[in-house]
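Student: I have a structure on my screen and want to learn how to read it. Can you take me through some features, one by one?

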Amino acid sequence: MKKVLVLGAGQLARMMQLAGTPLNLDVKALDVSSNKVVHPITPEQIYGDLAAGIINADVITAEFEHVAHDILDECEQSGKLFPKSEAIKIGGDRRLEKALLESCNTANAKYYFVNSKEDFDKAINYLSLPIIFKTALEGYDGKGQWRLKVAADAEAIWQDMADFLNASTTVNQGIVAEQMVPFDREISLVGVRRINGDVAVYPLTENHHTNGILTVSVAAPINTKLQEQAGTVFKALSDKLNYVGVMAIEFFQVGDQLLVNEIAPRVHNSGHWTQQGADTCQFENHLRAICDLPLGSTALVRPTAMVNIIGEDTIPDEVLAIASVSVHWYNKGKRAGRKMGHINVSGEHELQLAQRLQNLADILCPKAFPDLNDFAKKYLDKQS
Ligand code: AMP
């Protein structure tokens, strides 16, 4: 039985544990806030600290990219960390991410690094409005961002950003100014790379956000040219990093071109649909890759959508009466804006998926799922 330690004890470690059990993989999780190694589900304490967790693991991986660098370095020294700390650190720093994209000649939004008022003014000159400013470190779910749409707002936005930078206790914090891209839609590619360089990618997923948080992802047969373009980007970036495990790449689609928005060096929310919609789910494939086992097929078995449950700890039982619906709770304390679970819905074809999504939207409380009904209606119209 191979023993896997996951840095982070949230829902992603939990779902890795659930996927690893049939393969006889023993998955434990490091709760980074307490430094205790816990069972990812119960979450009973197993070891008192990281050092014991490292000794008792065969393989170490991470469920989030903002792991403190001293923890990553300690794990790296054991030779058991996959992917390597370099890849995890790149995912946690937008400046390193941009450097990686440049080194692979990968298309992305035009940008400028900002550390001072002078840089801020230069960024506005270099990029045309509208511009989005993002914190280089610690940004997630659209947090730590400012949007400058009209020049008249520049001073106020700079003041706010300067206050943020001054108040930041994070060493080496900075801002990346990015050209706002007039994208047609946001899509992501989840892929996996094994130690020997084998690569497999899932079908592209279309993503919808509400207030900066992913709310719905849909995986259905997609334009093969786009799929090839995304696959080429995945191969280039993952080869460059000598990457091992699952990695997600978020893209903006503009016409028939894909621009990389960001990279997540881990299993990803936009890949949760794979639990019901793919031959092998992303959690199992991540474990296979880091344990040096053959990768599982990433083929789409049936069109599938994932709906995030945000800030709610109950949903009506009738949801389970809809055909091909699976509910995944994370067993987390209720908090506004928190990802508490997700619902996967599948159909034999896209029309059936759209009908089931509409059934789901009809049952769920519109206050808790504000854009779902609108999304389901449009999706259904498109299929009918
Ligand atoms: P991020 O944290 O970088 O994924 O940004 C959160 C959301 O902001 C994205 O999902 C997009 O909807 C939007 N966004 C971020 N960067 C850009 C950009 N350069 N152009 C347009 N929209 C963006």
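Tutor: Start at the ligand. A nitrogen atom of the ligand sits 2.9 Å from a polar backbone atom of glutamine 179. Keep in mind that this is a predicted model.

Student: Which residues come nearest to the ligand?

Tutor: There are 17 residues around the ligand, and the nearest are Lys134, Glu178, Gln179, Val181 and Glu186. By class, this shell has 7 charged, 5 polar and 5 nonpolar residues.

Student: Which elements each supply at least two residues of that shell?

Tutor: Find these strands: β7 (131-135), β8 (145-148), β9 (175-179), β14 (245-254) and β15 (257-264).

Student: Next, empty space. How do I look for it?

Tutor: Rolling a probe the size of a water molecule over the atoms shows where empty space is left. Here, the structure holds 2 cavities of 30 Å³ or more.

Student: What volume does the largest cavity have, and what lines it?

Tutor: Its volume is about 50 Å³. The lining of the largest cavity includes Lys3, Val4, Leu5, Asp26 and Lys28. Two elements give two or more residues to this lining: β1 (3-7) and β2 (26-31). β1 gives the most, with 3 residues. By class, the lining of the largest cavity has 5 nonpolar, 2 polar and 3 charged residues.

Student: And which residues line the second largest cavity?

Tutor: Look for Arg94, Glu97, Lys98, Leu101, Val176, Glu178 and Asn261. The volume of the second largest cavity is about 40 Å³. α5 (94-103) supplies the largest share of the lining, 4 residues. Sorted by class, the lining has 4 charged, 2 nonpolar and 1 polar. Notice Glu178: this residue lines the second largest cavity and is also among those nearest to the ligand.

Student: Let's turn to helices. What is the general idea?

Tutor: An α-helix has 3.6 residues a turn, so residues three or four places apart point the same way. Now check cover. Helix α1 (residues 11-20) is mostly covered, with 9 of its 10 residues buried. Among them are Leu12, Ala13, Arg14, Met15 and Met16.

Student: One last residue. Where is serine 324 found?

Tutor: Serine 324 is in the loop between β16 (304-310) and β17 (325-329).

Student: Why is serine 324 called partly exposed?

Tutor: Because its relative accessible area is 29%. Buried means under 20%, and exposed means over 50%. So 29% puts serine 324 in between.

Key:
Residues numbered from 1 in each chain as written. Predicted model: local features only at pLDDT ≥ 70, side-chain atom pairs only at ≥ 80, totals over all residues. Heavy atoms only, no water. Near = heavy atom within 4 Å. Polar contact = N/O pair within 3.5 Å; in protein donor to acceptor, adjacent residues only side chain to side chain. Nonpolar A, V, L, I, M, F, W, Y, C, P; charged D, E, K, R; others polar. 1 Å grid on protein atoms, 1.4 Å probe; cavity = no way out; pocket = protein on both sides within 12 Å on 5 of 7 lines; lining within 4 Å. Points joined across faces, edges and corners; volume = space filled by probe spheres on them. Buried < 20%, exposed > 50% of the residue type's maximum accessible area, 1.4 Å probe, protein only.
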